[in-house]
Amino acid sequence: MTKKWFIAAITALTVGSALLPSVHAASPEVQYSANGQAFTPSTAAIEEQGRLFLPVRDLANLLGKYVDWDDVSKMALFSDKPKLTGTYTLHQKDLAENIKFGIGSSLTHIPGDPDNVFYTTADRGPNGEVDVNGTTRRTFPLPNYTPTIYKIQLEQGQINILDTIPLKINGKDPVTGTNLITGLPNLKSRDEVPYDKAAEKVISYDPYGLDVEGLTYNPQDDTFWISDEYGPYLVQVKRDGTMLQRIAPKGISAELNTAALPLKDNLPAVYLTRRQNRGAEAVGITPDGKWMFMAMQSPLRNPDKSVDNSRTLRILKIDLSTLKPVAEYAYITEDANQYKDLKQSDIVISDMFVVNENTLLIDERDKNAGDAAQLKKIFSIDLKNATNILGQYDDTAKAGKTLEQLSLNEVRQAGIQTPVKRTVLDAVEFKYPNEKIEGISLVNGHTLVIVNDNDFGVTDPDSKENGTDLWTFELPYNIK
């Protein structure tokens, strides 16, 4: 037995998903102390040739660090924990009775702006689900709600709205009769049926409607890009809120290509199999304006909903000079089996921040809030050695299965190297109170900012609080 193999075995005992055999007896009689306080590691240390080997998970806890294990590169990754530096809440008048003012489905900082100024959005507007004779209907109590970009400032514990930028088209929206759009579904052929507040009457579809989930900024042309769950789509927007063009999967209905909002079907056709309300959740652009990344919230239903519990989500890389994809990566979410009563399908990507062409921050979370929350993490992922799988696993031709049908072992056997993940923030440790951390940003390489989407308070309409919380953290290192 080599020393290298021995260290790998001890590491996998507490960090990896597979258990490797131990050939030496543990030493439970060893006692441990840190700063004068006794502690007990989760796995007893092992003596080898007069040396004591402590599992890296316990070593990380002892040193106050995060630790992650990459089973392909056999790498244990340690990270210093951040410090909470600020908490901010939103105080705005309700939009209507029992409907809170909403922001937080995205977050971005524009270089050159003050460090406490950001842009954010709400999603498609207030909506709910009502059961009618065993069938769930999607309701829109404010059907003319306009998805909006908000410029916000953080000051003295509050989130202040500096500017409101409603989204609009160069033309007339058929629902509003103005240039302002709505958040209503686009196509009767593939989107949810929109109902009124009482869930009795079907209301209009809007070919320009957006379910805004991600927001990023391109310094090369001074425009925003939005990721939209409906298509999924990517939409370019001027600073004044005018939508310029929409990027869609191949095969989307041609009726969405209009003079008011030109459409290019450059995205892979397989993205049309997105699960409803689990579409393009995140978008980000490199600081040089060359590359745009898009992440899906959940696995594609490829070939159908039988793969909803797949751990494999797709991240797409797009050349901004051509608006065409050049790479796709298989992102592996955390294993639900390591948590209590958590379904794999309830682990999702909620946002991203693009540091550079090879480094992204990924917001990964469960659907729980408060004390029930188990997974609310921001990971830094490294794409440098990740496999470009663009177009290879969209059907069963290459491996007999689609990407979403492949188990993690089959992903490894296929030689697909997935991005290496390293924990930057575990918000559960800080008792972040909300379910949906949906906006993240990084300022100056070391200030991490997170904000939640309050869903317009639909699930808690009687609360006196708005329910939007933005927190800032200082990283003890720079991410560049």
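**Labels and the values behind them**

Author: Let's start with a pair of side chains: those of Gln 245 and Gln 236 are joined by a polar contact of 2.8 Å. Keep in mind that this is a predicted model.

Reader: Why is the pair Gln 245 and Gln 236 called a polar contact?

Author: The cut-off for a pair of N or O atoms is within 3.5 Å. The value here is 2.8 Å, so the pair qualifies as a polar contact.

Reader: What makes the pair of Gln 245 and Lys 264 a polar contact?

Author: Their side chains are 3.4 Å apart, which still falls within 3.5 Å, so this one counts too.

Reader: Is Gln 245 buried or exposed, and how do you know?

Author: Gln 245 has a relative accessible area of 13%. Buried means under 20%, so Gln 245 is called buried. You'll find this residue in strand E17, residues 243–249.

Reader: Which residues does Gln 245 touch?

Author: Leaving out residues up to four places away in sequence, the list includes Trp 225, Leu 234, Val 235, Leu 261, Pro 262 and Leu 323. Gln 236 and Lys 264 are on that list as well.

Reader: What about Asp 288: why is it called partly exposed?

Author: Its relative accessible area is 37%. Buried would need under 20% and exposed over 50%, so 37% puts Asp 288 in between, as partly exposed.

Reader: Where is Asp 288, and what does its side chain contact?

Author: Asp 288 sits in the loop between strand E19 (280–285) and strand E20 (291–296). Its side chain makes a polar contact with the side chain of Thr 286, at 2.6 Å. A polar atom of the Asp 288 side chain also lies 3.0 Å from the backbone nitrogen of Lys 290. Asn 356 is 68 residues away from Asp 288 in sequence, yet the two C-alpha atoms are 8.4 Å apart.

Reader: How do you know that E9 and E10 pair?

Author: Pairing takes at least two bridges. Five bridges join E9 to strand E10 (residues 135–139), so they pair, and they run antiparallel. One of the bridges links Val 132 to Thr 135 in E10.

Reader: What makes E9 and E13 edge strands?

Author: They belong to an open sheet of three strands, ordered E9-E10-E13, with mixed pairing. Strand E9 (128–132) and strand E13 (194–195) each have a single partner strand, so one side of each has no neighbour in the sheet.

Conventions
Residues are numbered from 1 along each chain as its sequence is written. This is a predicted model: local features need pLDDT of at least 70, side-chain atom pairs count only at pLDDT 80 or more; totals for chains, interfaces and linings use all residues. Side-chain values use heavy atoms; hydrogens and water are left out. Helices (H or I, at least four residues) and strands (E, at least two) are DSSP runs, numbered from the N terminus. Buried means under 20% relative accessible area, exposed over 50%, partly exposed in between (1.4 Å probe, protein chains only). A polar contact is a pair of N or O atoms within 3.5 Å; within protein, one must be able to donate a hydrogen and the other to accept it, and residues adjacent in sequence count only if both atoms are side-chain atoms. Contact means heavy atoms within 4.5 Å.
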